[in-house]
Amino acid sequence: MNKDLKLILVAGARPNFMKIAPIISAIKKFNNSTNLSREMQSLFHRDPSNSINYILVHTGQHYDVEMSGNFFRELELPRPDINLEVGSASHAVQTANIMVRFEEICLKESPDWVVVVGDVNSTMACTLVASKLGIKVAHVEAGLRSFDRTMPEEINRLVTDTLSDLLFTPSEDADENLLREGIPSNKIKRVGNIMIDSLVTHLERARQCKPYDRFGLKEKYYVLVTLHRPSNVDNKASLSIIMKCLTQLSEKLPTIFPIHPRTRKSLMQFGLWKESNNTKKLILCDPLGYHETIGLVNKSRFVLTDSGGLQEETTFLGIPCLTLRPNTERPVTVSQGTNRLTSLESLGQDMNKLINGCQTEGKIPELWDGKTAERIVQILAQL
Ligand code: UD1
């Protein structure tokens, strides 16, 4: 009897690619596990008669080469089997387009499971489709909560977790959130942080590429900034204050700010682009690839961000991080790691503390060990 498992893996936007790559790599290891070391064989407990087949679906939510293609190349991801090519639109239109196109794929392929990652619109849209067709959904990075429903991602997390059949969590707080919301404990599997799998795999290559050289920066003598949340960049008053703070910061420490397309649009629209781009110490550049980003984080004095992934990556690397948000769905990066929340009011003061050497000590949370994808694949294979 054929006991092969058939999965559809969904990736849509930039942070998804780092979460899907380790899962594909672990599936390949699982399928070849008769050739693996004894340690790996015992990890997979594999019945040699079954294997895992997968179809990689890219929704096309992100499509620019800097936001998608470069990540596929660097992470050695296979070309997607299917690209839904939905592109950018309002939340409703983008979500609806993904749903219409993904439903066709699910009906044609009849997978055993749809595996979704993270909290972007693609994650929620594909979960809704699979769930309504009676196809089981596994959510990787489940249980994170900012308790702030003005964030589109929080809505995506709530819907995805409510409908998922299997919830793979990165930390204890995530388990607690899900239990509080009434998710049965047997659906919750704490497997660790999938983002860290990619980081562990690619850290050496990231170190070797020394991206700071390309920008004329010196190790530990620059700040890396990434900001793209609507709450920070879609409002002229906020973005003006941010750019003023960054110009002041760059007078003290060179500052590099790779610009997300959403942020670029706002800078242009609000007439802030030329003004901000005028100083040599504040480098505004195109979005960077994965290796260059990690390479820059790893040798920065500190990182200022509103990204979820960077809060985790800085904690793993022990680099101080300021998160320009009133909350975080990743509280473990603050309670255990090097992350601190900041606001427009305290930004200047908080950055000065870090410039003056006030160090934020931290430790790496449990199960952030680079083996999360293997634990996920083992659990899926046993079902
Ligand atoms: C999305 C995710 C966010 C994630 C971020 C990472 C949602 C609700 N938001 O936000 O959680 O942190 O990705 O980057 O899913 N654009 C391009 N090229 C692209 C993609 C987008 O130019 O390849 C431009 C478009 O003008 C678009 C804007 O960027 O309107 C925003 O893109 P969108 O995917 O809607 O949201 P992000 O802000 O990227």
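Predicted model: local features only at pLDDT ≥ 70, side-chain atom pairs only at ≥ 80, totals over all residues.
Student: Okay, why is Glu76 called exposed?

Tutor: Glu76 has 55% relative accessibility, and the cut-off for exposed is over 50%, so the word applies. Glu76 sits in the loop between helix H3 (65–74) and strand S3. Helices here are DSSP runs of H or I with at least four residues, strands are runs of E with at least two, and both are numbered from the N terminus.

Student: And what makes Glu141 count as buried or exposed?

Tutor: Its relative accessibility is 7%. Buried means under 20%, so Glu141 is buried. Glu141 is in a loop too, between strand S5 (136–140) and helix H6 (152–163).

Student: What is the phi of each of those two?

Tutor: Near 55 degrees for Glu76 and near 85 degrees for Glu141. Each is a positive value in a residue other than glycine.

Student: How do you know whether Phe17 is buried or exposed?

Tutor: Phe17, in helix H1 (residues 14–31), has 0% relative accessibility, so it counts as buried. Leaving aside neighbours within four places in sequence, its contacts (heavy atoms within 4.5 Å) include His58, Met67, Phe71 and Leu77. Leu77 is 60 residues away from Phe17 in sequence, with 8.2 Å between their C-alpha atoms.

Student: What makes two strands a pair?

Tutor: DSSP has to find at least two bridges between them. Strand S2 (residues 52–58) and S3 are joined by two bridges, so they qualify. They run parallel, and Val57 has Ile82 of S3 as its bridge partner.

Student: Which order do the strands of the open sheet take, and why are S3 and S7 called edges?

Tutor: The order of the seven strands is S3-S2-S1-S4-S5-S6-S7, with parallel pairing. S3 (82–83) and S7 (188–190) each have a single partner strand, so one side of each is left without a neighbour in the sheet.

Student: What makes helices H8 and H14 roughly perpendicular?

Tutor: The axes of H8 (residues 194–208) and H14 (residues 290–298) come within 9 Å and cross at roughly 80 degrees. Angles under 35 degrees count as roughly parallel, over 145 as roughly antiparallel, 65 to 115 as roughly perpendicular and the rest as oblique, so H8 is roughly perpendicular to H14. Among the residues making the contact are Leu199 and His202 of H8 and Tyr290 and Ile294 of H14. The axes are lines fitted to C-alpha atoms, for helices over the stretch in contact, and angles run from 0 to 180 degrees between N-to-C directions.

Student: Zooming out, how do you know how compact the protein is?

Tutor: The protein has 18 helices and 13 strands. Its radius of gyration is 21 Å, close to the 21 Å that the globule rule gives for 383 residues, so it is as compact as a globular protein of that length. That radius is taken over C-alpha atoms, and the rule is 2.2 Å times the number of residues to the power 0.38. Also, 58% of the 383 residues count as buried.

Definitions and conventions. Residues numbered from 1 in each chain as written. Heavy atoms only, no water. Buried < 20%, exposed > 50% of the residue type's maximum accessible area, 1.4 Å probe, protein only.
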